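Please keep the sequence and the coordinates at hand while reading.

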Amino acid sequence: MPIYEYQCTSCSEEFQSLVMKKAEEQNLLCPRCGSKRKRKLISRVAYHVSEQDRLNTFKPGDAKDDAFFKDSRNIGLAAKKRAQQLGVDLGTRFEEKLEKLRSDPGSVIRDSE
Ligand SMILES: [Zn+2]
């Protein structure tokens with residue numbers, strides 16, 4: 001069941017809702033001011049995409065936007081894609097390093113000092 005995020009265009013409140021039908025979406029009220037005027041925030045839907053899906057849709061040659069580089073989950077994606085294409089298993093040590101890097105991007109700099 002898809003959960004969408006909306007922003008009220010009257011008071012800027014952001015809220016989530018589980019939407020089953022288009023008609024329900026139209027009747028959604030802002031929980032803060034009760035307005036029906038809202039816009040769908042589509043950018044964050046990508047948050048729920050699994051790594052495997054991101055890997056499958058990731059194209060190393062494509063131009064990346066800022067959002068791509070700001071998303072720490074994309075760290076190491078290029079390396080993983082390459083390994084996938086070559087049929088190479090990067091091993092658990094690589095996964096561990098990557099996990100550390102993604103959750104704490106500053107750790108690399110500290111470790112090399
Ligand atoms: Zn509102």
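A residue is called buried under 20% relative accessible area, exposed over 50% and partly exposed in between, with a 1.4 Å probe and protein chains only. By that scale cysteine 30 is buried, because its relative accessibility is 4%, and cysteine 11 is also buried, at 18%. The whole structure contains zero disulfides, a disulfide being a pair of cysteine sulfur atoms within 2.5 Å.

The model is predicted: local features need pLDDT of at least 70, side-chain atom pairs count only at pLDDT 80 or more, and totals for chains, interfaces and linings use all residues. Residues are numbered from 1 along each chain as its sequence is written, and side-chain values use heavy atoms, with hydrogens and water left out.

Helices (H or I, at least four residues) and strands (E, at least two) are DSSP runs numbered from the N terminus. Strand β1 (residues 3-8) runs antiparallel to β2 and is joined to it by five bridges; strands pair if DSSP finds at least two bridges between them. Tyrosine 4 faces serine 17 of β2. The two strands form a hairpin with five residues between them, and serine 12 in the turn has a positive phi of about 70°.

Methionine 20 counts as exposed because its relative accessibility is 53%.

The structure also holds three aromatic pairs. Rings of Phe, Tyr and Trp (its six-membered ring) pair if their centres lie within 6.5 Å; planes under 30 degrees apart count as stacked, over 60 as edge-to-face and the rest as tilted. Phenylalanine 68 and phenylalanine 69 are edge-to-face, because their ring planes stand at 90°, with centres 5.4 Å apart. Phenylalanine 68 is buried at 18% relative accessibility, while phenylalanine 69 is exposed at 61%. Together with Phe58, Phe68 and Phe69 form one aromatic cluster.

Finally, there are four salt bridges, each a side-chain nitrogen of Lys or Arg within 4 Å of a carboxyl oxygen of Asp or Glu. One of them joins glutamate 25 and lysine 40 (3.1 Å, N to O). Glutamate 25 belongs to helix α1 and lysine 40 to strand β3 (residues 38-41), so this pair ties together parts that are 15 residues apart in sequence. Glutamate 25 is buried, at 10% relative accessibility, and lysine 40 is partly exposed, at 31%.
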